[in-house]
Amino acid sequence: MKVPFGNLKLHYQQYKSRIDEAVQRVLDSGYFILGPELEKFEKDFESYLGSGYVVGCASGTDAIYLALAACDVGPGDEVLVVAHTAVPTICAIRMTGATPVFVDISGSLYTMDPDDIEAKITSKTKAIMPVQLYGQTADMDAILAIARKHNLKVVEDCAQSSGATYKGRMSGTMADFGAFSFYPSKNIGAFGDGGAVSTNSRENYDRLVMLRNYGQSKRYYHDSEGVNSRLDEIQAAILSAQLPYLNEWNERRRQIAKRYSDGLKEVVVTPEEGKDNYHIYHLYVIQTSEREALMEFLLERSIQTLIHYPVPAHMQKAYQFLNYKTGSLPATEYVTKRIVSLPMFPQLTDDQVDFVVESIRDFHRGRSSERKVPGSETHVGQEFYGVAINTTSHK
Ligand SMILES: Cc1ncc(COP(=O)(O)O)c(C=O)c1O
């Protein structure tokens, strides 16, 4: 049995008639940019989120950039963010010219640790960006309270949390802005690049609409500087065609996660759901101290795994100029060496999930139990390493 990490081909085959119809409709219309399909998707996604406004844009990276630009974040400003994230989060901060300042994570939840925020605030801090990693949000009430106290903006990085909730509130509706990615392998994905920014404020909405379209208030009249970052009509139509299924897909991901956790909790550290969270398992991430050996063992059985992410942002070569030392983010650095993501997509069958579980149990037979309280130890001064695996279609 083969268990790929994801399967976008199968996904397309399953929804082919809806997708084909949506694409054909756009082709026949002769309308490709800023047309009725984008308007429809923005309305559809607003209804899905249940409040506020949505502005489509070209990618999740751009969504973060546009949200920060709408907060007037620029050179000389600092943005508090986690280093345990996809590097595009950091790319987007740098696109504004601002400096990322790294906050550690709550080890077992993998999201921003509210207790590490205030120590990192300076007179230059302008915004806090919790990354709702793997499919659950950070402790938003704690983060929003700190932001209010220090008069800071909050931008949620929702790239991995489409449909996740916190205390019943939708991810993307709790802060000043939510930034979504519709990269193809996300819980809802375009068939190409795509993203969106959500906001509860009409004023922010108007600003975003201008920013994404060269700063135009009306044709050829530019009230502010801007960029070209639009969600095209084909991608918008494809997203609208899929949105009615998002909740069903998220529920299936949760079933798969439960099946994994039931079978694995004795042998590895399984994911923890925050008590206030509805986790939508964009990724199912376990921890083990024998990660590389486990990944190799699974690959021999044709089970594909990945690491999200093998090198935290503050240890990446690109960001050495920020001058972070090994050991500066202990919880981040600890999990970085132990995490591994198992196959996770709605079309996975129970038999495939059981095969992965059995294989991991086989690997651990005869080895000591891996079950430890996550984050209870911190390791400082170790090197980071990753495993080369084809990542072309999955981030
Ligand atoms: C947490 C996070 N932030 C931002 C991004 C950037 O999104 P995109 O690839 O659509 O630019 C991604 C996806 O790659 C992500 O996972």
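1. Two strands pair if DSSP finds at least two bridges between them. The points below apply this to a predicted model.

2. Start with strands S2 (residues 78-82) and S6, which run parallel and are joined by 4 bridges. Within that pairing, Leu 80 has Ile 128 of S6 as its bridge partner.

3. S6 also pairs with strand S7 (residues 153-157). The sense is parallel, over 2 bridges. Here Ile 128 stands opposite Val 154 of S7. From S6 the chain passes through helix H5 (residues 140-150) to reach S7, a β-α-β crossover that is right-handed.

4. How much of S6 is buried? Of the 5 residues in this strand (residues 125-129), 4 are buried, so S6 is largely enclosed by the rest of the structure.

5. Helix H3 (60-70) deserves a look. 11 of its 11 residues are buried, so H3 is largely enclosed by the rest of the structure. Among the buried residues are Asp 62, Tyr 65 and Leu 68. After H3 comes Asp 72, with a positive phi near 60 degrees.

6. Now the ligand. It is surrounded by 16 residues, and the closest are Gly 60, Thr 61, Pro 88, Ala 159 and Ser 181. Gly 60 and Thr 61 are also among the buried residues of H3. H3 and helix H4 (88-95) each supply at least two residues of the shell.

7. What is the make-up of the shell around the ligand: how many residues are nonpolar, polar and charged? The division is 5 nonpolar, 8 polar and 3 charged.

Key:
Residues are numbered from 1 along each chain as its sequence is written. This is a predicted model: local features need pLDDT of at least 70, side-chain atom pairs count only at pLDDT 80 or more; totals for chains, interfaces and linings use all residues. A residue is near a molecule or strand if its C-beta atom, placed from the backbone, lies within 6 Å of it. Ala, Val, Leu, Ile, Met, Phe, Trp, Tyr, Cys and Pro count as nonpolar, Asp, Glu, Lys and Arg as charged, and the others, Gly among them, as polar. A residue is buried if 20 or more other C-beta atoms lie within 10 Å of its own, exposed if 12 or fewer, and partly exposed in between; C-beta atoms are placed from the backbone. A crossover is right-handed if, with the strands pointing away from the viewer, the path from the first strand over the helix to the second runs clockwise.
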